Amino acid sequence: VFGNHRFEMLLGGTFQRNTRQVFRLSSFGYVNDALIGNTAAATTVRVAQDDYTDYRYTAAFARVGYRYAGRYLLNLTGRRDGSSRFGPNNRFATFGAVGAAWIVSSEPFAQDKLGPVSFLKLRGSYGTTGNDRIGDYGYLNIYDTDNYRNETVLVPAQLYNPDFSWEVNKKLDVELDLRLWDDRLTFTANWFRNTSSNQLVGYALPAITGFTSVQANLPATVENKGWEFQLALQGHPDREWQWRSSLNLSIPKNTLLRYPDLESSSYANSYVIGYPLSVRRLYAYTGMDENGEYTLRDVNGDGRFNIDDRTVLRDEGRKFFGALQQTVSYKGFSLALLLEVVRHEGRGSLGLTGSYPGIRINQLREVMDRWQGPENVGTYRKFTTRGGNFTNVQFFSTLNMVDASFIRLRTINIGYDLARIIDTGLSHCEIFASGQNLFTISGYPGWDAERPQISNALPALRMYTMGIRLGF
């Protein structure tokens with residue numbers, strides 16, 4: 001500390017080693033069940049698994065903090081990380097970050113001039129982080145053993161790729177922190193932009209190569225940015241009647257910024273530059289013909305439906321989501337609830353059973369709104385025992401994209417502290433009842449509005465709990 005100047009410095013290191021060894025036997029041919037468990041009594045004993053993995057991680061890091069007059073803050077961090085999960089030439093990477101903050105409410109010119117404002121702070125940061133959360137030995141050419149005509153043989157199990165390296169994430173963050181009326185009302189607004197590159201993925205390969213994937217860095221640059229808001233208001237803490245309300249809202253946006261040679265990659269039909277990773281390429285549904293069959297737009301007019309005709313782009317990601325949390329207490333009574341709201345699109349009920357209406361299998365009741373003639377078209381095709389173009393419509397057309405937004409009462413808890421009216425000798429004695437997922441408001445026709453990307457997802461279970469909490 002030098003006058004109004006305050007410095008902090010931190011130096012450190014991390015050394016980590018995880019080893020895992022698994023040895024598993026399979027035995028067959030026991031002449032008596034009482035001998036099961038004694039491998040010596042088995043006629044056949046096989047080594048089902050014999051694995052040994054060794055993961056090592058090391059890092060050196062430093063942090064320097066500076067604070068002036070209690071209102072200007074600056075932090076600098078840097079680190080060097082190494083992981084055994086990468087090839088010998090790519091095991092080490094360097095990352096760093098810088099952060100600054102200004103407490104405006106502590107400025108001399110702000111004293112007695114901000115009215116109800118009790119705290120005002122602006123901060124920003126930028127930095128890079130790394131990711132090595134993949135399996136061990138992903139860069140090696142690995143073989144497994146197999147049995148072929150009673151002979152033990154070696155079969156390739158993983159392709160060699162010594163060139164993949166650390167996944168890198170760049171994070172930019174700006175935030176406003178505001179408190180009013182002695183912190184009874186707080187407001188936080190945050191803008192962020194995270195850019196990810198060199199994503200560690202199992203890069204998809206054509207099955208004809210003998211492998212379905214290879215561990216690699218995806219050459220894509222993906223941006224996640226958006227706004228986050230939080231507003232909290234609480235009553236006076238010294239009164240019998242106490243309450244607190246908290247509201248948060250997130251508005252995310254995901255974009256694929258760059259992908260060199262996307263057209264010739266394995267993801268040419270999955271991703272679109274300038275759009276979110278959750279985008280779907282769909283056929284344009286154009287209605288039903290006079291025979292009650294679905295019709296799609298044949299963009300190139302070749303009489304066939306393939307990826308070239310899937311020109312409609314729809315995003316399955318969340319447009320925004322938020323929650324309202326409310327707690328109230330009065331003379332021993334307490335009430336707490338959490339209400340969640342989500343705005344997004346998803347796949348509708350068309351084809352949830354995996355079959356077309358008319359085949360001998362259970363169907364959803366929605367299929368009763370079906371085509372019954374030119375004068376009664378309905379939403380779904382006529383009942384039939386043949387598929388036709390149902391699969392294309394079922395999975396890949398605009399007909400099966402619907403609004404999956406919902407409002408859900410996630411949790412509610414009601415309680416009363418008996419210690420206020422009965423001398424129990426305990427510091428706390430509360431009886432309570434709680435419920436989870438009590439109701440959902442949504443027009444989504446599928447099973448679960450929270451996961452509309454999965455056609456047969458099991459909805460969140462409704463749960464009730466009653467009990468007593470004791471404090472000694």
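Q: Is Phe305 buried, partly exposed or exposed?
A: Phe305 is partly exposed, at 32% relative accessible area. Keep in mind that this is a predicted model.

Q: What's the geometry between the rings of Tyr283 and Phe305?
A: The ring centres of Tyr283 and Phe305 are 5.8 Å apart and the planes sit at 85 degrees, so the pair counts as edge-to-face.

Q: Where do Tyr283 and Phe305 lie in the chain?
A: Both are in loops. Tyr283 is in the loop between strand 12 (279–282) and strand 13 (285–288), while Phe305 is in the loop between strand 14 (294–296) and strand 15 (312–315). The pair therefore ties together parts that are 22 residues apart in sequence.

Q: You mentioned strand 13 and strand 14. How many bridges join them, and which way do they run?
A: Strand 13 and strand 14 run antiparallel, with 3 bridges joining them. Tyr285 stands opposite Leu296 in strand 14.

Q: What's in the turn of that hairpin?
A: There are 5 residues between strand 13 and strand 14, and Gly292 takes a positive phi near 80 degrees.

Q: Back to rings. How many aromatic pairs are there in the whole structure?
A: A search of the whole structure turns up 13 aromatic pairs. One of them is Tyr68 with Tyr72, which is stacked: 6.0 Å centre to centre, with 25 degrees between the planes.

Q: How accessible are Tyr68 and Tyr72?
A: Tyr68 is partly exposed at 28% relative accessible area, and Tyr72 is partly exposed too, at 32%.

Q: Which residues make up an aromatic cluster?
A: Phe86, Phe95, Phe164 and Trp166 form one aromatic cluster.

Q: Cation-pi next. Which rings have the charged end of an Arg sitting over them?
A: Phe119 has the charged end of Arg179 over its ring, 4.4 Å from the centre. The charged end of Arg310 sits over the ring of Phe396, at 4.4 Å from the ring centre.

Q: Changing topic: what joins strand 6 to strand 7?
A: Strand 6 (residues 142–148) and strand 7 (residues 151–158) are joined by 7 bridges and run antiparallel. They form a hairpin with 2 residues between them, and Arg149 in the turn has a positive phi of about 55 degrees.

Q: Which residue stands opposite Thr152 there?
A: That's Asn147, which stands opposite Thr152 in strand 7.

Q: Is Thr152 buried or exposed, and what is it in contact with?
A: Thr152 counts as exposed, at 64% relative accessibility. Leaving aside neighbours within four places in sequence, Thr152 is in contact with Thr145 and Asp146.

Q: OK, zooming out. How many helices and strands are in the chain?
A: The chain has 1 helix and 22 strands.

Q: How spread out is the chain?
A: The radius of gyration is 30 Å, well over the 23 Å that the globule rule gives for 472 residues, so the chain is more spread out than a compact globule. The C-alpha atoms fill a box of roughly 80 × 70 × 65 Å along the principal axes.

Q: What share of the residues counts as buried, and what does the chain expose?
A: Of the 472 residues, 32% count as buried. The chain exposes about 28,500 Å², and carbon and sulfur atoms supply 54% of that.

Q: Last one: what about contacts across the sequence?
A: Among contacts between residues at least 6 apart in sequence, 63% join residues at least 24 apart.

Definitions and conventions: Residues numbered from 1 in each chain as written. Predicted model: local features only at pLDDT ≥ 70, side-chain atom pairs only at ≥ 80, totals over all residues. Heavy atoms only, no water. Pairing = 2+ DSSP bridges. Helix = DSSP H or I, 4+ residues; strand = E, 2+ residues; numbered from the N terminus. Phe/Tyr/Trp six-rings, centres within 6.5 Å; stacked < 30°, edge-to-face > 60°. Buried < 20%, exposed > 50% of the residue type's maximum accessible area, 1.4 Å probe, protein only. Lys NZ or Arg CZ within 6 Å of the ring centre and 35° of its normal. Rg over C-alpha atoms; globule rule 2.2 N^0.38 Å. Contact = heavy atoms within 4.5 Å. Areas by Shrake-Rupley, 256 points an atom, 1.4 Å probe, with all protein chains shown as cover.
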